[in-house]
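Open the model in your viewer and keep the sequence beside it. We will go from stop to stop, selecting a few residues each time.

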Amino acid sequence: MTGPPLETSHVVGPPLWLLLELTYRCPLHCVFCYNPTEFARTGAELPTADWVRVLREGRALGAVQLGLSGGEPLEREDLETIVAEAHALGYYINLITSGVGLNETRIAALKSAGLDHIQLSFQDSTRELNDFLSSTRTFELKAKVAALIRAHEYPMVLNVVLHRLNIEHVGEILEMAERIGAQYVELANTQYYGWAWLNRQQLLPSRAQLERAEAVTQRFRERVAGRIQVYFVVPDYFERRPKACMGGLGSVFLGIAPDGTAMPCHAARMLPDLELPSVRSADLRTIWYDSEAFNRFRGEAWMKEPCRSCPERVKDFGGCRCQAYLLTGDATNTDPVCDLSPHHHTVTEAVARAERAAAATGPAEHVLVFRDHRISIPVVTENAPDGRAARTEDG
């Protein structure tokens, strides 16, 4: 397969999307959390003054969309101060929350500070599974938070992460969304990083489960057309071509971890030999334009075959670097989701195992590992380059 000549230069625009992961603290223990599995070993959280400086530097660079996440961002007592500064700078501000900690007093303060948007997560439509998957008793609380969001005239945005344990409940989840007045629903199938990677054997659905869920979703879309927008994000493992990760690493997205580590994607700190810069010691302009970490996977010069000569490289940018690392042990390989990759079998074999697990009637083969700051778990890749297990170190 041949394509246009390999690119030799790459024009870098501004980071339009800035994500601040304000804290790794969280009252939930979700089995699919994308936070690093060794997050307890990272450094101290940035103080308020540093977050304010980051906001100013990001706006000067051209960032316009701001996400505030974690962990649970409501764990930060200075959240309202950060929101007020972001509002004054002109950001559109989205709070990504489990709802735990959001009461009448705080939501009123956040509204006054200028918060534009709240995305509320549920784990399932039933109290039993919602509370099991997060290892908390939060279902009723989330329902109350949904009512608060509507009462303060925010758009009601619901997010539910799908996987084998709840994907058969898609119909009930959508009915719940309608019942609580959701205007937007994101059914985001699990992507396998962080804690979800550790639990992949338990969470990856079968193709039949996925197809049934898509069909249910489509029927619901047709019934509520014009009232509720529903987004169904297919898991990468069921595609023939990879998604364009973050629109291409270093193209539009800049994330900051609680300890100040700057990342070109949410999960980039797992990548070996990628020395991620810190906002504690460098300004955002230097990080974005000059750091090796943000330039490593820009453009096409880093690509191997089959990406290097594939015409689709200008659309998918070789796919996900973290997925390539986890599945092959080498972040520069083609994302194995692509059926042109010599490592595509790692994906098809994982799906085959999921098919067998979904059909099994006996006890589960693997035990779920819940997100927990008290344990530190290395992530092991499937195919390290030297044939041995490779691990990430997030400290």
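Buried means under 20% relative accessible area, exposed means over 50%, and partly exposed is what falls in between. Keep these cut-offs at hand; several stops use them. One more thing before starting: this is a predicted model.

**Stop 1**

Select glutamate 300 and arginine 313. They form a salt bridge, with the closest N and O atoms 2.8 Å apart. Glutamate 300 sits in the loop between α11 (292-295) and α12 (313-316), while arginine 313 is in helix α12; the two are 13 residues apart. Are they buried or exposed? Both glutamate 300 and arginine 313 are buried, so each has under 20% relative accessible area.

Now select Arg25, Glu45, Arg76 and Asp78. Salt bridges with shared partners join these residues into one network.

**Stop 2: one glutamate, two arginines**

A search of the whole structure finds 22 salt bridges. Side chains of opposite charge can pair when their charged atoms come close. Go to glutamate 178. Its side chain meets that of arginine 223 in a salt bridge of 2.8 Å, N to O. This pair links distant parts of the chain: glutamate 178 belongs to helix α6 (residues 170-179) and arginine 223 to helix α9 (residues 207-224), 45 residues apart.

Arginine 227 is in the loop between α9 and β7 (229-233) and glutamate 178 is in helix α6, so the pair ties together parts that are 49 residues apart in sequence.

How accessible is glutamate 178? Its relative accessible area is 25%, so glutamate 178 is partly exposed. Arginine 223 also counts as partly exposed, because its relative accessibility is 48%.

**Stop 3**

Colour helix α2 (residues 79-89) and helix α3 (residues 104-113). Two packed helices are described by the angle between their axes and the distance between the axes. For α2 and α3, the angle is about 20° and the axes are 8 Å apart. That makes α2 roughly parallel to α3, because angles under 35 degrees count as roughly parallel. The crossing of α2 and α3 is right-handed.

The axes of α1 and α2 come within 10 Å and cross at roughly 20°. Therefore α1 and α2 are roughly parallel to each other. Their crossing is right-handed.

Now draw a line from leucine 55 to aspartate 339. How far apart are they in space? C-alpha to C-alpha, the distance is 41 Å, and 284 residues separate them in sequence.

**Stop 4: another buried residue**

Select isoleucine 287 in helix α10 (residues 284-290). With a relative accessible area of 1%, isoleucine 287 is buried.

**Stop 5: a nonpolar patch**

Which residues make a nonpolar patch of about 290 Å²? They are Leu16, Trp17, Val64 and Val252. Zoom in on leucine 16, in the segment before β1 (17-21). Its relative accessibility is 39%, so leucine 16 counts as partly exposed.

**Stop 6: backbone details**

Switch to the backbone. Glycine 70 and glycine 71 are joined by a cis peptide bond, with omega about 15°. Glycine 71 lies in the loop between β2 (65-69) and α2. Glutamate 305 and proline 306 are also joined by a cis peptide bond, with omega about 5°. Look for proline 306 in the loop between α11 and α12.

Then select serine 135, in the loop between α4 (127-134) and α5 (139-151). Serine 135 is not a glycine, yet has a positive phi of about 55°. Its relative accessible area is 43%, so serine 135 is partly exposed.

Finish at phenylalanine 317, in the loop between α12 and α13 (321-328). Phi is positive here as well, near 55°, in a residue other than glycine. Phenylalanine 317 is partly exposed, because its relative accessible area is 27%.

Note on methods. Residues are numbered from 1 along each chain as its sequence is written. This is a predicted model: local features need pLDDT of at least 70, side-chain atom pairs count only at pLDDT 80 or more; totals for chains, interfaces and linings use all residues. Side-chain values use heavy atoms; hydrogens and water are left out. Patches are made of residues with over 30% relative accessible area and no salt bridge: like charges are joined within 9 Å, nonpolar side chains (Val, Leu, Ile, Met, Phe, Trp, Tyr) within 5 Å. Accessible areas come from the Shrake-Rupley method with a 1.4 Å probe; for residues, only the protein chains shown count as cover. A salt bridge is a side-chain nitrogen of Lys or Arg within 4 Å of a carboxyl oxygen of Asp or Glu. Helices (H or I, at least four residues) and strands (E, at least two) are DSSP runs, numbered from the N terminus. Buried means under 20% relative accessible area, exposed over 50%, partly exposed in between (1.4 Å probe, protein chains only). Axes are lines fitted to C-alpha atoms, for helices over the stretch in contact, and angles run from 0 to 180 degrees between N-to-C directions. Angles under 35 degrees count as roughly parallel, over 145 as roughly antiparallel, 65 to 115 as roughly perpendicular and the rest as oblique. A crossing is left-handed if the near helix is turned anticlockwise from the far one by less than a right angle, and right-handed if clockwise.
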